[in-house]
Amino acid sequence: QLQQLQQEKTHASATIRGMAYSNGSKNEEATATFSFRIQKNSPSAALNNEKDEIYGSPLLDRLGEPAYSSTPKQNGHHNHNHSNGSNGYGHFDEQSFNARKALSFDTSSSSSADSSSTTGGDVSGIARLTKGVNVSSILDEDDLSLSFKPSPKGGRVADSAPHFRWLPQPPPSIQNKLAHHPRFHFPQGKAVPKAEIDAALRRAGDVFRKLPGMVATYDDMPDIVVAFGLPLYWKKPIWDQVARGRSRVEQKDFSAWWWNLTTVAHDEAARFVHVLSHGGRSYLVESDFHSLVLDLIHTHPGLEFYRKSEEFHEKFIQVIVTRIFWSVNRSWSGKITAAELRRAKLLDNIRELERTEDVNQLTEFFSYEHFYVVYCKFWEIDSDHDMEITKEDLLRHTDHAILPLVVDRIFSGAVTRGHNTTNRPTRDLGAFTAFLLADEDKNHPTSIEYWFRVLDLDGDGRISLLEMETFYNQLVKTISQFGIDTMTFSDLACNLIDMIEPASGKDFTLADLKRSKMAGRFFNAFVNWRKFYQQESSDSERTSVKGTGDEELSDWDRFCMEEYEQMMEADEENDENVDDAYSVTLDD
């Protein structure tokens, strides 16, 4: 029974003390005692010196699984035991405080705080005292009526083992788990020391002090960009972002821009996205690269010969930007993120432009010779020269080497970046550039993804034997028109399974083809019948060709090198024929 219930006058805390009797009579010696304090709105809870009073409302942090002793505690030492849904009242062992399970009190009763003694099973006084206290379980009225029997050693034990309600544990906090782990994810790059940012600003200030009126024009951008420690060919996008249509810009405008840039973007990749998108997006689209590539045409010494051919500038930009997305945007989203830039070589190539006078040495993105090859191949099949090709135009590529079903799949939108998969009747120079990259270098990771999308007719992520047979039957039909015999599909399938070794044993996944070094031979059997016939009729693989620095040329670089040489030779022959046609014989 509850012997005493007392609340302090401040109404901010209350101390509850009581004793338990075996048969509900105060005439017998108390079986156990308890004592604890409840305090409203306390930020923390702590045990006092007597180890039997609990301060503060969050009892869950202090009370744990109850542990009973056969010997009663007469002086309120150790702890108490309240149970929800059972008849039991005893004490806690101190060692059981593990902050996992806890007691609390009913807070649904009246909030009046008069002090009274409660007898029998009436605990409404406890309910009133604990109104508004943040505790986590309920003391039932029957908790005070458990009778105890004397133990053989003179103590008392309960008639039945008390039943305690297990409280649901809160979900684990990720923040707490990672509190002691160093940060490892920096989407905007690791923060740069403020001293480094200030030093760049001072260098830019030195440049402005040398300018007339401390006002910059676009012609001054090379010195300003270098002072900030940024790549030279970022200058046009930076000028567009700072000047906003003006022809002259003051130092304060650049200072404000620099502070804004370094506050939100910390490494080169994040800053590149911020500069080209004018701080408006966390990704880049194709149009964001227009000013950078156009400025490259106008200012790079290796493209000086090309500046007067303004009608070809947009075509050059279209091919270069397509190649950038081909290599960098591996997610096929049509949006280049800072994370993709960090994994690619684009930023290194842009910096290399400052040290390289011949852009043709930078074959991955900016080579003029590669652009020339792509444009000439496009012009050959564009029958009406409207810079758009139809299915019939694409079928004429390399003398009808591409299968009609493959062309249909390309025009269906299966290989379109982003979410725009509209079935358009024509394709532009950019789409043709992607096709040519995929056809001439089928071992490139993006090419493997390109052709996998073409062959995966049902989009289930696997190229089945049925899908392979569908394409191969059309190849056999096409190649037979030239009087060429080839192997049956059963033999082809067995050869490809032995060569690729797919994990499933028969269906080919994207991972299977990327893991194999023979993806090009696989795709040629279903895409390009001329390449398939060439690889099946030759006894060995093509010999490798070394480029500058003893690096082996990729299939794409080799294709462009050979095609460009042939085109130059053809142009020379045409020039000679023209000269011969207009030559004058003076023998007479």
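**Exercise 1.** Determine whether His 274 is buried or exposed.

*Solution.* The model is predicted, with local features requiring pLDDT of at least 70 and side-chain atom pairs pLDDT 80 or more, while totals for chains, interfaces and linings use all residues. Residues are numbered from 1 along each chain as its sequence is written, and side-chain values use heavy atoms, without hydrogens and water. Buried means under 20% relative accessible area, exposed over 50%, and partly exposed in between (1.4 Å probe, protein chains only). His 274 has 10% relative accessibility and therefore counts as buried. This residue is found in helix H7 (residues 268-276); helices are DSSP runs of H or I with at least four residues, numbered from the N terminus.

**Exercise 2.** Describe how helix H12 (residues 368-381) and helix H15 (residues 429-440) pack.

*Solution.* Axes are lines fitted to C-alpha atoms over the stretch in contact, and angles run from 0 to 180 degrees between N-to-C directions. For H12 and H15, the angle is about 110° and the axes lie 10 Å apart. H12 is therefore roughly perpendicular to H15, a class covering 65 to 115 degrees. In contact terms (heavy atoms within 4.5 Å), Val 374, Tyr 375, Lys 377, Phe 378 and Ile 381 of H12 meet Leu 429, Phe 432, Thr 433 and Leu 436 of H15.

**Exercise 3.** Identify which residues Phe 522 touches, not counting residues up to four places away in sequence.

*Solution.* With that exclusion, the partners of Phe 522 are Leu 455, Ile 463, Met 468, Leu 496, Met 499, Ile 500, Phe 508 and Leu 513.

Conventions
Helix = DSSP H or I, 4+ residues; strand = E, 2+ residues; numbered from the N terminus. Parallel < 35°, antiparallel > 145°, perpendicular 65-115°, else oblique.
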